[in-house]
Amino acid sequence: MVAKSKPQKPVVVVDNVNVVYKVFASGRKATRRSAGGGFLSRKLQLREVHAVKGVSFTIYEGESVGIIGSNGSGKSSLMTAIAGLNPIESGAIYASARPMLLGVGAVLLPAISGLKNILLGGLAMGYTRKEINASSDAITKFAGLEEFIDLPMKTYSSGMSARLRFAIAASRDHDILIIDEALAVGDQEFRNRSEARMREMRDRAGTVFLVSHSMKSILDTCTRVIWIEKGELIMDGKPEKVVKAYNKHTGSNTVD
Amino acid sequence: MSLAEYAKQNGLSKVGAREPLWSYVKHAWQRRDFAYVMALYTNQANNSRNRLGRWWMVLSPTLQAAVYGLIFGILLGGSRPDNFIPFLITGVFLFSFLQGAYTAGANSVSNNIGLVRSLSFPRILLPINALIQQVFSLLPQVALLVVTLLVFQQQVTLNWLYLVPIILLMIVFGFGLATISARLTVHIQDLNKLNPFLTRVVFYVSGIFFSIETVLKDYPLAMQIASWNPVYVYISLARGAMVEGYSMTAGMWIAAVAWALGLFVIGTIFFWRAEERYGCEI
């Protein structure tokens with residue numbers, strides 16, 4: 001698959017990656033290496049969910065890569081694996097810098113103020129206190145929460161907290177950025193602002209992965225599209241070509 | 001040329017590979033502020049839920065001590081150890097810290113699985129965060145302990161200063177407990193059900209409300225074994241420093257330092273060895 005003999009510099013190499021989740025049929029957690037785990041694991045039925053099956057591709061510097069596929073096709077599993085958050089069963093992923101998944105929601109606490117959450121979220125993403133203090137005004141302003149930033153986050157509407165989450169996550173630039181479409185939230189005004197910010201980050205980041213169900217935003221922003229279905233790579237190429245094939249596929253499915 | 005060679009040739013490094021131990025520890029140390037702030041804010045968030053807020057940090061240990069004092073004070077009747085109330089409170093408060101470190105550590109990774117799956121940071125910060133929260137709740141208890149001892153003994157000795165190194169050693173030991181229980185619980189969820197019984201057993205064998213020395217007077221071998229129980233070691237040291245009629249021995253100090261350093265090293269390595277596997281479970 002190295003076939004694309006372009007002269008550019010590769011930044012992410014995904015080499016025959018498999019992601020497998022092991023779940024006890026009862027829904028209980030299973031350890032990855034449960035074969036050695038003794039009699040308990042053998043008695044309970046172990047189900048394997050093969051989320052990503054032998055995917056390989058090489059991404060070059062400056063590319064904006066759209067990732068498309070239906071729900072549950074393995075897009076997110078692949079992206080978390082690229083970000084190094086999800087262990088892979090076999091294969092390997094190489095990158096020139098640590099790919100950063102844009103998302104900070106899990107660390108924020110509803111009971112404390114927006115301002116404190118900015119500090120907490122920033123620290124979670126690896127910035128120093130100094131850096132965060134310097135940018136917290138800008139984050140507040142970007143989220144449009146100047147009057148509410150001292151209130152506990154639980155008093156925010158869902159749109160407001162989504163805006164704060166995005167503003168924190170998008171406050172810095174990264175070399176390799178993974179954006180999940182779910183981040184484009186809030187009212188129309190904020191959506192425009194966040195899309196502009198994403199474009200800005202894309203321009204500054206060497207490489208961007210965009211996971212989206214919106215073919216419009218994929219066509220608008222990506223220079224290359226990868227289509228994944230049932231964990232397998234179906235197509236990888238020019239956006240127009242791949243999106244056209246994907247539309248045909250989804251269209252024919254609904255007719256069926 | 002294989003993809004792996006191609007990646008290597010272009011200077012790409014493997015994603016998600018576990019760092020070597022030393023750089024892992026260094027990396028975790030650089031990010032310590034995250035664990036601290038998260039613990040601080042979680043604590044504030046928990047306190048903000050109740051009307052009495054942070055007063056509960058003093059109120060609940062007081063109530064706990066009162067209940068134990070009432071029950072064991074009456075139950076044990078004449079066979080109470082000397083200077084019973086200071087003896088009991090020292091035991092109960094310090095035990096609750098070690099128990100908390102173990103239990104909160106056990107939940108630290110599995111309760112934050114969403115965090116593990118969305119951000120990359122040395123995962124050891126999660127049990128550290130749990131430990132810091134326990135330290136936050138220990139401090140008001142120590143203040144309460146000092147006040148109670150003042151009321152009952154009506155004098156302060158220089159020996160009280162030993163409480164500082166004792167607590168520091170306990171925190172180091174608690175770090176080991178938290179990291180070990182964190183990894184164990186990730187592998188075996190069922191431990192969560194067993195932990196309450198485990199901590200109860202330790203509570204009963206560590207002489208929190210009775211004197212092990214008196215009970216095991218006629219069994220020197222059992223006493224030898226019991227005196228290596230780390231929980232017993234730390235609590236006996238603290239009693240030796242604080243409570244009238246009890247004393248510290250060199251053997252206790254050696255055991256306390258050995259346990260703290262030993263478990264610190266073992267816990268760090270044990271937790272680090274599974275670093276890339278946290279979060280893989282659904």
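Here are legends for a few close-up views of this predicted model.

Residues count from 1 along each chain as its sequence is written, and chains are lettered from A, with ligands numbered from 1, in the order in which they are written. Because the model is predicted, local features need pLDDT of at least 70 and side-chain atom pairs count only at pLDDT 80 or more, while totals for chains, interfaces and linings use all residues.

**View 1. The open sheet of chain A.** Six strands line up in the order 5-6-7-3-8-9, with mixed pairing. (Strands are DSSP runs of E, at least two residues, and helices are runs of H or I, at least four, both numbered from the N terminus; two strands pair if DSSP finds at least two bridges between them.) Strand 5 (100–101) and strand 9 (232–237) of chain A each have a single partner strand, so one side of each is left without a neighbour in the sheet. Strand 3 (64–68) and strand 8 (224–229) of chain A run parallel, joined by 4 bridges; look for Gly66(A) opposite Val225(A).

**View 2. A helix lying across the strands.** Helix 2 (75–82) of chain A lies across strands 3, 5, 6 (176–180), 7 (207–211) and 8 of chain A, and runs at about 155° to strand 7. (Angles run from 0 to 180 degrees between N-to-C directions, with axes fitted to C-alpha atoms, for helices over the stretch in contact.)

**View 3. Where chain B touches chain A.** Here 38 residues of chain B are in contact with 43 residues of chain A (contact means C-beta atoms, placed from the backbone, within 7 Å). Helix 3 (32–48) of chain B gives the largest share of chain B's side, 9 residues. That side divides into 17 nonpolar, 13 polar and 8 charged residues. (Ala, Val, Leu, Ile, Met, Phe, Trp, Tyr, Cys and Pro count as nonpolar, Asp, Glu, Lys and Arg as charged, and the others, Gly among them, as polar.) Strand 4 (90–95) of chain A also pairs with strand 1 of chain B, antiparallel over 2 bridges, with Tyr94(A) partnering Lys14(B).

**View 4. Helix 5 against helix 8 in chain B.** Helix 5 (84–108) and helix 8 (163–187) of chain B pack at about 30°, axes 6 Å apart. Residues meeting here include Leu94(B) and Phe97(B) from helix 5 and Met170(B) and Leu177(B) from helix 8. The contact has 11 nonpolar, 7 polar and no charged residues.

**View 5. Helix 7 against helix 8 in chain B.** The axes of helix 7 (125–153) and helix 8 of chain B come within 9 Å and cross at roughly 145°. Among the contact residues are Leu131(B) and Val135(B) of helix 7, and Ile171(B) and Phe175(B) of helix 8.

Notes:
Two residues are in contact if their C-beta atoms, placed from the backbone, lie within 7 Å.
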